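Dear colleague,

I am handing over the structure we spoke about, so that you can look through it alongside my notes. Please read the notes with the coordinates open.

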Amino acid sequence: MGLSIGIVGLPNVGKSTLFNALTKAQNAEAQNYPFCTIEPNKAVVPVPDKRIGELAKLVNPARVVNSTVDFVDIAGLVKGASKGEGLGNQFLSNIRETDAVLHVVRCFDDEDIAHVDGSIDPIRDMEVIETELLLADIQTTENRIERLQKSIKGDKSLKPIVDNAEKLLIHMNKGKSASSFMIEDEQAKQNLFRELRLMSSKKIIYCANVDEMGLGEDNNYVKSVKEFANKRNASFAKISAKVEEELVALNDNERDEFLSSYGIDESGLEQIIKTGFKTLGLISYFTAGPKEVKAWTIQDGWKAPKSASVIHTDFEKGFIRAEVIGYEDYIKYKSEAACRNAGALRIEGKEYIVKDGDVMHFLFNV
């Protein structure tokens, strides 16, 4: 499994500049006018993880394979997008396919960069986007209810789905996001969300885009975005798309020195991916051998057989046991053989809950 993040926001707030920087590929045209992105840009980005590099130094594999994140840069949305304004709702479907939403908000003043509404107001900007996503979700839910009601006569099992969808529609018509919808049957709620793929049901990372000076102390714009996120119990990140773009051409040493000059120790890419993993409850484990050292993304709390399924479904079906070495132990003893001799290699069964950073070898039979 991987992580897919849709980058949304008003036109001209720095989404495409950020996309270019995060993906290290200048294939998203960034210009100083609204709607410069007219097709959703997609890119697969390796997850930066220093642990996999350290393991590779010890194992010396033929190749190293990081986990990946899919970034989708959605064209700028404006007020009325759900009804066809601006570029309309043709891009909203791309958001539905993502796991989380990175909501980029402009948090700096610059007379040379136009704002679609003529002034900088992060709260207004965020509310415009969220309203359009909610209105589109309402329309989706109404349409789905109408189709399901026609099918109930032939399939009575659809009635609970229709009943919950109608309750959800009432909830959203009050101006509340799908993510705040509560019913007693949590599984029924998740089934409903999978059926409807609502945008306002997704986890959101509010991302304050600042200029170089804003990377230090938070300005008032950033403070307002952070407070907005806190009220919604949502994640928050602060980046400078311009600085991220400058990082692209630097080697590791230059990059570290550059970040240090701004008083930060990780790039926006690292911050966003870490926040995304935490927001969605994801972790990574590793496999290490002469052919490859590879990171695998799983849901935190998964047991060993389920975790093995991301390598191949047969691993889960025929799971026998797992050999597990904690990352810190592997680095300490420097090889699998040394870990085994030191008693740091453990044999775990079907009930073992995989930990972030575990180095694993699965034994199975099919």
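What follows is an account of what was found, going from the overall make-up to single residues.

Please keep in mind throughout that this is a predicted model. The protein has 366 residues, of which 49% count as buried, and its secondary structure comes to 14 helices and 12 strands.

The open sheet

Six strands make up an open sheet, in which the order is β2-β4-β1-β5-β6-β7 and the pairing is mixed. Its edges are formed by β2 (41-46) and β7 (235-239), each of which pairs on one side only. On average, and with direction ignored, neighbouring strands of this sheet are turned by 25° against each other.

Within that order, β5 and β6 run parallel and are joined by seven bridges, with A100 standing opposite K203 of β6. On its other pairing, strand β6 (residues 203-209) meets β7, again in the parallel sense, over five bridges; here I205 has S235 of β7 as its bridge partner, and C207 stands opposite A237, also in β7. Six of the seven residues of β6 are buried, so this strand is largely enclosed by the rest of the structure.

Helix α4 (residues 122-151) lies across β1 (3-8), β5 (100-106) and β6, and runs at about 145° to β5. Helix α7 (residues 220-231), for its part, lies across β5, β6 and β7, and its direction is at about 160° to β7.

Aromatic residues

A search of the whole structure finds six aromatic pairs. The pair formed by Y285 and F362 has its ring centres 5.8 Å apart and its planes at 80°, and since an angle over 60 degrees counts as edge-to-face, this pair is edge-to-face. It links distant parts of the chain, as Y285 belongs to strand β8 (residues 282-288) and F362 to strand β12 (residues 359-364), 77 residues apart. Both Y285 and F362 are buried, and the two are members of one aromatic cluster that also takes in F315, F319 and F364.

R106 lies over the face of F108, at 4.7 Å from the ring centre, while the charged end of K306 sits over the ring of W302, at a distance of 5.1 Å from its centre.

E292 is located in strand β9 (residues 292-299), and its side chain is joined to that of R63 by a polar contact of 2.8 Å.

With best regards

Notes:
Residues are numbered from 1 along each chain as its sequence is written. This is a predicted model: local features need pLDDT of at least 70, side-chain atom pairs count only at pLDDT 80 or more; totals for chains, interfaces and linings use all residues. Side-chain values use heavy atoms; hydrogens and water are left out. Helices (H or I, at least four residues) and strands (E, at least two) are DSSP runs, numbered from the N terminus. A polar contact is a pair of N or O atoms within 3.5 Å; within protein, one must be able to donate a hydrogen and the other to accept it, and residues adjacent in sequence count only if both atoms are side-chain atoms. Rings of Phe, Tyr and Trp (its six-membered ring) pair if their centres lie within 6.5 Å; planes under 30 degrees apart count as stacked, over 60 as edge-to-face and the rest as tilted. Buried means under 20% relative accessible area, exposed over 50%, partly exposed in between (1.4 Å probe, protein chains only). A charge sits over a ring if NZ of Lys or CZ of Arg is within 6 Å of the ring centre and within 35 degrees of the ring normal. Two strands pair if DSSP finds at least two bridges between them. Axes are lines fitted to C-alpha atoms, for helices over the stretch in contact, and angles run from 0 to 180 degrees between N-to-C directions. Contact means heavy atoms within 4.5 Å.
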